[in-house]
Amino acid sequence: MKKTRITTNVFLPMPVVIVGTEIRGRPNFLTAGWVSRVNTDPPMIAVSISRANATPKVSRRTGAFSINLPTAAMVKETDYCGLVSCRYTDKSNIFDHFQGTLTGAPMILNCPLVMECRLVDTMELPTHLLFIGEIIGGYASEGGALSGGADRI
Ligand SMILES: Cc1cc2nc3c(=O)[nH]c(=O)nc-3n(C[C@H](O)[C@H](O)[C@H](O)COP(=O)(O)O)c2cc1C
């Protein structure tokens, strides 16, 4: 297939997740697309978060975060968490959430698949911090992670 040279600012298709952290004892939620599983055993996941956001400072302090997979029905809230910073607006009441074994990693009840992660490493990149977390607990809605016709965003 013939190719046209394009910009270097190229992306692959991405999932959309919501990263849960805790700031001053209150849950905070940030939308992220730059996320991937990165190790089998122990299970690890990495998420790249801009230094411009509030979440990196928080997560570094608490050493924990959660990864939550939203459904299509949650697109409004997911978009909101990706547009608004907790620096200016409290996002703690947007979702009903629960805590697993880790503090500082609030998980969203309505998400069909959620995981709590212990921060094991942080890689400093020029604009972003790559947070590498060990998955300490995974939780799926009963009937399957995407049961009941819940479509991913
Ligand atoms: C669809 C979508 C995907 C996003 N992906 C990322 C991402 O991977 N990394 C990141 O740092 N910000 C990403 N953002 C932007 C942050 O979610 C946004 O800056 C957020 O307001 C930061 O919240 P905080 O300051 O409370 O941490 C994304 C936003 C949207 C809408």
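Me: Which residues is Ile67 in contact with, leaving aside its neighbours within four places in sequence?

Reply: Contact means heavy atoms within 4.5 Å. With neighbours within four places in sequence left aside, Ile67 is in contact with Val17, Ile18, Val19, Val35, Ile45, Val47, Leu113, Val114, Met115 and Cys117. Before going on, note that this is a predicted model, in which local features need pLDDT of at least 70 and side-chain atom pairs count only at pLDDT 80 or more, while totals for chains, interfaces and linings use all residues. Residues are numbered from 1 along each chain as its sequence is written, and side-chain values use heavy atoms, with hydrogens and water left out.

Me: How many residues does the largest nonpolar core have?

Reply: A nonpolar core is a set of buried Ala, Val, Leu, Ile, Met, Phe, Trp, Tyr and Cys residues joined through side-chain atoms within 4.5 Å. Buried means under 20% relative accessible area, exposed means over 50%, and partly exposed lies in between (1.4 Å probe, protein chains only). Here the largest core has 17 residues, and Val19, Ile45, Val47, Phe65 and Ile67 have the most contacts inside it.

Me: Which strands each supply at least two residues of this core?

Reply: Helices (H or I, at least four residues) and strands (E, at least two) are DSSP runs, numbered from the N terminus. At least two core residues come from each of β1 (17-23), β2 (26-32), β4 (44-50), β5 (64-69), β8 (113-124) and β9 (128-140). There is also a second, separate core of nine residues, including Phe29, Met74, Cys81 and Met107.

Me: Is Thr21 buried or exposed?

Reply: Thr21 has 0% relative accessibility and therefore counts as buried. This residue is in strand β1. Apart from neighbours within four places in sequence, its contacts include Thr55, Val58 and Ser59, and also Ala64, Phe65 and Pro106.

Me: Which residues of helix α1 are buried?

Reply: For a helix, one looks at where the buried residues point. In α1 (residues 55-62), Thr55, Pro56, Val58 and Ser59 are buried. These residues are on the same side of α1 because they cover an arc of only 165° around the axis; the arc is that of the directions from the helix axis to the C-beta atoms. What covers the buried residues of α1 includes β1, β2, β4, β5, β8 and β9. After α1 comes Gly63, with a positive phi near 75°.

Me: Which residues come nearest to the ligand?

Reply: A residue is near a molecule or strand if one of its heavy atoms lies within 4 Å of it. There are 21 residues around the ligand, and Thr31, Ser50, Asn53, Thr55 and Ser85 come nearest.

Me: What does the side chain of Glu124 make a polar contact with?

Reply: The partner is the side chain of Arg51, at 3.1 Å. Glu124 lies in strand β8 and is partly exposed, with a relative accessible area of 48%. Not counting residues up to four places away in sequence, Glu124 touches Arg51, Arg60 and Leu129.

Me: Where does Arg24 lie, and what is its phi?

Reply: Most residues other than glycine have a negative phi, and most peptide bonds are trans. Arg24 has a phi near 45°, a positive value in a residue other than glycine. Arg24 lies in the loop between β1 and β2, and its 75% relative accessibility counts as exposed.

Me: Is the peptide bond from Asp41 to Pro42 cis or trans?

Reply: That bond is cis, with omega near 5°. Pro42 lies in the loop between β3 (35-39) and β4.

How values were computed
Polar contact = N/O pair within 3.5 Å; in protein donor to acceptor, adjacent residues only side chain to side chain.
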